[in-house]
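This report describes selected features of the structure shown below.

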Amino acid sequence: MPRIAFNFVRSVGKAHSLHKYNCRLCCGNVRHFASQDSSGKDEPPTNSKSPSDNEVDAIPERLSPDNKAATLPAPKISLDLLRRRQAQKKDQEQVEKFITPEIYPPMGRRSKILDYLERQDCFKRRMVMDIPEFYVGSILAVTMADPHANGKTSRLVGICIERKNYGLGASFKLRNVIDGQGLEVLYELYSPLLHKLEVLKLEKRTDAHLLYLRDALPEYSTIDPDMIAIKHPPGRPVPVNDIVVKMKPRPWHRRWERYELKGLDVSGVSQSRMATVQDHILPEYKKMDLLMMYPRYDITEKDRMRIEREWEVHQNELERTAKKGS
Amino acid sequence: MQKKRKMATSWCLTSMRNSLLKVVKFSVIQGRNTQIGENFVQRLKACTCSHLIQHRSYYDNTLTSENQKFVYQWNLLKHQFGPSPLKDSPWPRQDWKPGSKRTGLIAVKLGMYPMWTKSGKKFVTTALQIQDCNVIRYVPPDEAPGDDQTGKNAAIEVGAKNASPLYMDKGLTHKFHDACVPLKQRTVLFYVTENSTIQPGTPLYATHFRPGMYVDCCGKTIGKGFQGVMKRWGMKGQPASHGQTKTHRRMGATGGGGSPGRIWKGKKMPGPMGNMWRWTRCLKIWRINTRHNIIFVEGNVSGSKGGFVKIKDSLNNRFENDPPPFPTHYPEDGDALPEELYDEDLHEMLQESIAFEEEEEEER
């Protein structure tokens with residue numbers, strides 16, 4: 001019996017912008033617009049093998065009363081081909097366009113003209129140097145101009161543990177353990193000293209940052225400097241690595257058990273410490289409180305659409321120049 | 001006593017009248033009861049002391065709400081068409097010569113912006129936007145309120161950022177009407193030499209300056225309120241323990257003994273801190289955006305975002321080698337400038353990534 005791909009229930013963007021906060025009212029798997037953070041908080045498919053995660057409790061097409069296709073005979077193709085086509089269609093539906101996080105301005109009273117100029121400068125730099133799509137948890141190799149190094153460039157391979165800041169000041173941290181010594185380097189994305197940014201492995205993690213790797217066992221931060229790039233097939237969704245990391249014995253740099261992080265193993269923390277955790281975490285009802293969220297959601301729908309439109313125009317420009325060059 | 005009482009009642013009446021007027025004005029703007037509103041205002045004016053009342057530059061309250069909107073917009077625009085050609089013939093423009101001083105501008109602080117030099121060094125700049133800057137009047141040396149240090153210099157009054165006529169005192173609007181410019185939120189007097197006269201009404205742009213010039217910027221520092229002596233003057237205070245009774249952040253001694261027998265004037269004491277105009281000198285201009293009239297100046301400038309900043313030429317500029325646009329930049333002269341003007345040491349984002357060249361090995 002061939003498994004037919006169920007349609008995802010799409011939320012209509014125009015309906016109301018706060019729909020994403022009410023997502024529990026509609027059926028579980030609802031698609032929202034690309035949100036500000038590119039961490040694994042959204043619902044792309046994970047590495048876990050349970051099939052029920054990616055299916056929707058929607059009415060399948062063939063059973064709906066208006067569907068005339070139910071009366072037509074099934075097409076004559078092999079089962080394998082059908083399954084492959086369905087898998088492809090599913091992947092295509094799930095892949096959302098990547099919008100780099102550093103073009104969304106932070107909260108506060110800001111000059112829109114200045115933010116616009118900063119974004120334009122970011123796009124100009126991207127025309128000269130390719131800044132690929134990457135997330136916290138991806139493995140990168142950065143080649144940077146260094147006046148004191150041999151060949152005047154230095155290359156560092158590491159796992160991205162943090163991405164910060166808006167516009168030209170956007171930065172990311174790479175972590176690696178070299179000869180037993182942990183090493184973290186902060187790079188500025190738009191610095192003209194950066195020559196090359198290669199993504200050796202494109203993946204996401206379940207947390208917005210991986211600063212806890214400092215207190216985790218070194219094997220989780222060790223990356224081979226001569227690692228060969230694992231090519232990510234275009235059009236496929238970015239995989240989420242839901243690995244749970246084992247920690248070194250205490251003391252830690254921070255009380256990671258209080259941070260609501262999914263990627264680390266807090267089983268070793270004593271009961272007395274775990275009891276205090278609830279004091280530092282917002283209760284569920286406060287997380288769903290719209291009035292609490294509203295002043296934090298500083299960017300209006302109109303501005304967000306404008307920024308995304310600028311990104312689109314920039315991407316088209318890039319494609320056009322790439323075609324011309326090739 | 002009687003006089004004081006009279007003043008008190010009149011003050012009470014004016015404040016009452018003003019608050020009542022606000023209510024009346026609101027309802028009038030809504031378009032309701034215009035007749036009643038007018039009568040009420042007239043009666044109120046008659047019974048209170050009119051000599052103490054501030055005369056606001058209102059427009060006619062008998063308009064409908066749609067017309068009021070139109071009149072509001074028109075009021076902001078009506079003087080933006082440039083100086084009236086019939087008012088005065090164009091003033092002659094003189095050339096720069098060593099020792100000339102030109103006018104400054106008033107800008108609005110937008111925020112901060114990172115930049116890189118051609119050697120790869122990162123630094124931070126402050127973005128200052130020139131919003132609706134116009135010359136309000138030229139004051140000849142005889143009338144200028146100079147002091148002994150500046151000598152008898154002429155002065156130019158510059159105004160920035162168009163203001164709403166509804167919220168400006170009518171008595172202050174005459175100088176803007178004389179110059180045929182919209183009402184401005186802030187005006188500043190800059191001392192200039194006699195050869196840098198500019199006709200009132202001339203618009204001033206960011207291209208008055210050029211990248212590579214040095215400027216002094218004056219902004220109102222962020223107010224800290226009433227502060228103690230340790231924060232305000234950096235005094236050391238007293239130890240936290242070892243017998244100190246109720247004395248940890250105090251001034252301590254105030255001065256000498258029987259002679260002089262008093263505290264010297266200017267003694268550092270607690271008081272209001274911040275919210276004062278302060279100059280930051282010799283800031284280099286790295287970039288100018290001619291389309292939005294934004295100047296990018298190296299380093300920090302006092303004040304918060306959206307605050308006014310006075311900008312003028314610094315004393316260390318070497319104008320003998322490269323004279324500035326004098327007395328200001330007139331867009332109708334010469335070719336149109338490109339949208340972005342960069343300093344030669346600045347790395348532009350469309351340029352190639354910076355690479356260091358391999359040095360040849362020195363012969364031993």
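## Strand E11 of chain B and its partners

In this predicted model, B:Thr125 stands opposite B:Glu298, a residue of strand E11 of chain B. The pairing to which strand E2 (residues 122-129) of chain B and E11(B) belong is antiparallel and comprises five bridges.

Strand E10 (residues 277-289) of chain B also pairs with E11(B), in the antiparallel sense and over four bridges. Here B:Ile288 is the residue opposite B:Ile295 of E11(B). E10(B) and E11(B) form a hairpin in which four residues separate the two strands. In the turn, B:Asn293 has a positive phi of about 60°. Strand E11 of chain B spans residues 294-298, and four of these five residues are buried, so the strand is largely enclosed by the rest of the structure.

## An open sheet in chain B

Chain B also contains an open sheet of four strands, arranged in the order E5-E4-E3-E6 with antiparallel pairing. Strand E5 (184-192) and strand E6 (203-204) of chain B are at the edges; each has a single partner strand, so one side of each is left without a neighbour in the sheet.

Within this sheet, strand E3 (residues 133-139) and strand E4 (residues 154-162) of chain B are joined by five bridges in the antiparallel sense. B:Val139 is placed opposite B:Ala155 of E4(B).

## Chain A in outline

Chain A has six helices and nine strands. It consists of 326 residues, of which 36% count as buried. When contacts in chain A between residues at least 6 apart in sequence are considered, 68% join residues at least 24 apart.

## The interface between chains A and B

How many residues of chain A are in contact with chain B? The contact involves 24 residues of chain A and 31 residues of chain B. The two chains bury about 2400 Å² between them, with 63% of this area on carbon and sulfur atoms. On the side of chain A, the three residues A:Leu114, A:Lys152 and A:Pro192 supply 24% of the area buried against chain B, more than any other three residues.

Two salt bridges are counted between chain A and chain B. The side chains of A:Glu188 and B:Lys122 form a salt bridge with an N to O distance of 3.3 Å. Helix H2 (112-128) and strand E7 (194-201) of chain A are the elements that give two or more residues to the side of chain A that touches chain B. H2(A) gives the most, with eight residues. By residue type, this side of chain A divides into eleven nonpolar, five polar and eight charged residues.

A polar atom of the B:His347 side chain lies 3.3 Å from the backbone oxygen of B:Glu352.

Methods: Residues numbered from 1 in each chain as written. Chains lettered and ligands numbered in written order. Predicted model: local features only at pLDDT ≥ 70, side-chain atom pairs only at ≥ 80, totals over all residues. Heavy atoms only, no water. Contact = heavy atoms within 4.5 Å. Buried area = accessible area lost by both parts, 1.4 Å probe. Salt bridge = Lys/Arg side-chain N within 4 Å of Asp/Glu carboxyl O. Nonpolar A, V, L, I, M, F, W, Y, C, P; charged D, E, K, R; others polar. Polar contact = N/O pair within 3.5 Å; in protein donor to acceptor, adjacent residues only side chain to side chain. Pairing = 2+ DSSP bridges. Buried < 20%, exposed > 50% of the residue type's maximum accessible area, 1.4 Å probe, protein only.
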